[in-house]
Amino acid sequence: MFDHIGKNNPTLVSSSESSDTSNDSYNSKMKNKSAAGATPFHRRTSYFPRDDETPRFKWLIYDNNGSFNGWFDWLPLWMRVGYWSPFVCMALVFCYTSIIYFKPKLEFETSAISKMNEEDVYFLGMPKATAIDLSIFLWGLIVMVHARISLGSIGAFPISFTGWSWILLTSRAGFDYMAWMLAANNYTIWASKLATIGSSIRLVTLINAFVVWSIWKVRVSIVCLCKSHVLTKVIITSLSSS
Amino acid sequence: MITRIFPRNFILLPIIAFKSVPKGEKRTQFLKFNFGFFMTNIHLLNLPLASMNIITGDRVRLFTISDLWVAYAVALSYSLLYLFVMDRLGLHFYPIFNPRTSFTTISLGAVLGLFYFLFLKFNEYIIGKLD
């Protein structure tokens, strides 16, 4: 049944028998690092055996052993390439289906413009909340521009969860500020639309910020703990006592 | 709660960070990277900035089921990008969401649960502020 595996299939990792004689040092290095060891299932495109040897669709965009620029060589090979767990597939299908099926009637209070007449002028004709929104929006942009200039490339930023979190934070403030600005200039239709968008991403902005804020400290803690065995004991003692 | 959060985050963590990293170049690099302008902003100042006008300020409002739905929709949209684009490129930023291990179902469940938990807790906090 599995006779076709490894034959005429460039996406398959060669078996461990050829690892010592392989000229490709990168591939042999990868094999040594894999916790799973070489198995014929590493580069299978499907969980189920298929007799069709000519794949109609190439799953991997780059044949890079699942490690972009070698950045993820530290991960075992089986976590980088190969078929997905059927349980994860089912869970994902359940989640994607549920989000569509259980969609409520979306209603958001446009708080950025609903209390315009009740708010006191605080700065340049703006109420305090709008001034804060403008400050957050500009600060968010400044941080991104600064990162672009100082780090050279921030390609990973827009595709990371942290990046999404920061972009949401900046956008939420930007939408609320622009909504107020448009409403103040009598563009009520657009103001209402932007205020609704700004209002709709309030909770997700806050939750993402909380997750990033918490996880960053967990990450720093893990790095520190890995470097200090003595401190590990101290922290475990302090946590257990509290 | 504050009496526990404050010492752990703002006293204990910096001490651990200083003590655990060896003195010299490594410590300088570690601190420079983790506490630089960019990292401090996107990882530490993000929560206070996000809280403004959402759970503090004059325009506070309670979150509804619509807000929760948008939060889930954004999270699942990110999962589409992560699983169907980044995974195929070989970018594995978050191994706990690796689709090749069944344990990811637990991580997924935990994230969905955490979102709901935070939704309830933030509303509790806002009710306390409004009262």
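Student: Among the elements of chain A in this predicted model, which has the lowest mean pLDDT and which the highest?
Tutor: Chain A as a whole averages a pLDDT of 77, and 64% of the residues score at least 70. Over residues 1–23 of chain A the pLDDT is below 50, although this stretch has 27 contacts in the model beyond near neighbours in sequence. Where pLDDT is low, the predicted coordinates should not be read in detail. Among the elements of chain A, the lowest mean pLDDT, 51, belongs to helix H1 (residues 25–33), and the highest, 95, to helix H3 (residues 86–101).

Student: In what order do the elements of chain A run from the N terminus on?
Tutor: The secondary structure of chain A comes to 9 helices and 2 strands. From the N terminus on, these elements of chain A run α-α-α-α-β-β-α-α-α-α-α.

Student: Among contacts in chain A between residues at least 6 apart in sequence, what percentage join residues at least 24 apart?
Tutor: Chain A has 242 residues, of which 29% count as buried. For the contacts of chain A between residues at least 6 apart in sequence, the share that joins residues at least 24 apart is 64%.

Student: Which element gives the most to the side of chain B that touches chain A?
Tutor: The contact between the chains involves 63 residues of chain B and 70 residues of chain A. On the side of chain B that touches chain A, at least two residues each come from helix H1 (2–20), helix H3 (37–51), helix H4 (65–89) and helix H5 (104–130) of chain B. By class, that side of chain B has 37 nonpolar, 18 polar and 8 charged residues. The element of chain B that gives the most to it, with 16 residues, is H4(B).

Student: Which element gives the most to the largest nonpolar core?
Tutor: Of the 46 residues in this core, those touching the most other members are A:Ile113, A:Leu169, A:Ala179, A:Leu203, A:Val204, A:Leu206 and B:Ala71. The elements giving two or more residues to the core include helix H6 (161–184) and helix H8 (202–227) of chain A, and also H3, H4 and H5 of chain B. The element that gives the most to this core, with 11 residues, is H6(A).

Student: Is A:Leu124 buried or exposed?
Tutor: A:Leu124 is not a glycine, yet has a positive phi of about 50°, and it is found in the loop between strand S1 (121–123) and strand S2 (126–127) of chain A. Because A:Leu124 has 8 C-beta neighbours inside 10 Å, it counts as exposed.

Technical notes: Residues numbered from 1 in each chain as written. Chains lettered and ligands numbered in written order. Predicted model: local features only at pLDDT ≥ 70, side-chain atom pairs only at ≥ 80, totals over all residues. Contact = placed C-beta atoms within 7 Å. Helix = DSSP H or I, 4+ residues; strand = E, 2+ residues; numbered from the N terminus. Nonpolar A, V, L, I, M, F, W, Y, C, P; charged D, E, K, R; others polar. Core = buried A, V, L, I, M, F, W, Y, C linked by C-beta atoms within 7 Å. Buried ≥ 20, exposed ≤ 12 C-beta atoms within 10 Å, placed from the backbone. pLDDT = per-residue confidence, 0-100.
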